[in-house]
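Student: I'd like to learn how to read an interface and a cavity in a model like this one. Could you walk me through it?

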Amino acid sequence: MDVIVAGIFIYAGAIKALDPVQFASDIDNYKIVPWPVSVVLAFYLPWLEIFCGFALVVRLLYRGALSISTALILTFTFATVAAKVRGLDITCGCFGHASQHWSFPAHLATNLGILAALLALWVSNRSAKPL
Amino acid sequence: MTSSLVRQALILAALALLPGVGEAIYFRHKISWQSPIPPSELVTVAQAHVWGENVIWVDARPDEEFARDHVPGALSLNEDRWNELLPQFLAVWSPGRKIVVYCSSLSCNASREIAVRLRKEAQLPDVFVLEGGWEAWLKSK
């Protein structure tokens, strides 16, 4: 399970790190933060996802990676729902062009699936000795 | 345990800063910190007027707004009917002509989206976004 979740985060981060200009535009579409903040997030978040993914694979800084990953997926889910509530018809940008035509239910289901996997990792590693 | 978790999270957050800053430096000429649209892809109403007949105006607003009023000679091309309207646009386009896309105002996204699709999907050069959109056009009249 670690490897699957880590793979998702590494893939999602890598595909966005390759095209930060597009990702900044995707963040801006949510109309939650001003453009300069979108640019900062576009350069920073993909690498945070990649580092968290690698930390989950090698089990170094594991709990830190789990907590950041959980916070990220909660934030993405909140942003998705907020966009839908405000009637914004936008591409999610979660997995670059691969997710360009995802519907809202598909997007939400993916996020909730990842969140469920992260929660399972929290539970299964609750008694593990922190590194 | 909580302090260890916070410490680990802070270490990861700090580590991610390094490549993030590196990438920001690498892409510094490809993205504007002031506007989602790079300055080289923006055009003012005055500049577009200078181009005169060499401009194809593209209205990226919804059909009903286009029907209400639009820039004289503009073609409607919006996300909702992209597949239907693109061939009509391509029939009018010719190499060397500049394309100016507009939507309602400074804050709308439609013109940017259509401009990106014209560049990437239709592979057209010289595609610009009108600064201030339809509102700017009205003010300039």
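**Across the interface and into the cavity**

Tutor: Let's start with one pair: the side chains of Arg112(B) and Asp28(A) meet in a salt bridge, at 3.0 Å from N to O. Keep in mind that this is a predicted model.

Student: What is the general idea behind such a pair?

Tutor: Side chains of opposite charge can pair when their charged atoms come close. In this case, the rule finds one salt bridge across the interface of chain B and chain A. Over all chains, the structure holds 10 salt bridges. The pair that crosses between chains runs from Arg112(B), in helix 5 of chain B, to Asp28(A), in helix 2 (residues 20-29) of chain A.

Student: How many residue pairs are in polar contact between chain B and chain A?

Tutor: Nine, counting pairs with both residues at pLDDT 80 or more. As for who supplies the chain B side, helix 1 (2-26) and helix 5 (110-120) of chain B each give at least two of the residues that touch chain A. Helix 1 of chain B has the largest share, with 15 residues. Sorted by class, that side of chain B has 16 nonpolar, eight polar and five charged residues.

Student: And how do I put a size on the interface?

Tutor: The size of an interface is often given as the accessible area lost when the parts come together. Here chain B and chain A bury about 2500 Å² between them, and 67% of it is on carbon and sulfur atoms. Within chain B, the residues that lose the most area to chain A are Gln8(B), Leu12(B) and Trp33(B), together 25% of what that side buries. If you'd rather count residues, 29 of chain B are in contact with 32 of chain A.

Student: Now the inside. How many cavities of 30 Å³ or more does a search of the whole structure find?

Tutor: Two. The largest cavity holds about 80 Å³ of space.

Student: Which residues line the largest cavity?

Tutor: Among them are Ile8(A), Phe9(A), Lys16(A), Glu49(A), Phe76(A), Cys94(A) and Asn111(A). The elements giving two or more residues to this lining are helix 1 (2-17), helix 4 (62-85) and helix 5 (104-124) of chain A. Helix 1 of chain A provides the largest share, four residues.

Student: What does the lining of the largest cavity look like by class?

Tutor: Eight nonpolar residues, one polar and two charged.

How values were computed: Residues are numbered from 1 along each chain as its sequence is written. Chains are lettered from A and ligands numbered from 1 in the order in which they are written. This is a predicted model: local features need pLDDT of at least 70, side-chain atom pairs count only at pLDDT 80 or more; totals for chains, interfaces and linings use all residues. Side-chain values use heavy atoms; hydrogens and water are left out. On a 1 Å grid over the protein atoms alone, a cavity is a set of points where a 1.4 Å probe fits but cannot get out, and a pocket is an open set with protein on both sides within 12 Å along at least five of seven lines; lining residues have an atom within 4 Å of a point. Grid points are joined across faces, edges and corners, and a volume is the space filled by probe spheres set on the points. Ala, Val, Leu, Ile, Met, Phe, Trp, Tyr, Cys and Pro count as nonpolar, Asp, Glu, Lys and Arg as charged, and the others, Gly among them, as polar. Contact means heavy atoms within 4.5 Å. Buried area is the accessible area (1.4 Å probe) that two parts lose on being put together, summed over both. A salt bridge is a side-chain nitrogen of Lys or Arg within 4 Å of a carboxyl oxygen of Asp or Glu. A polar contact is a pair of N or O atoms within 3.5 Å; within protein, one must be able to donate a hydrogen and the other to accept it, and residues adjacent in sequence count only if both atoms are side-chain atoms.
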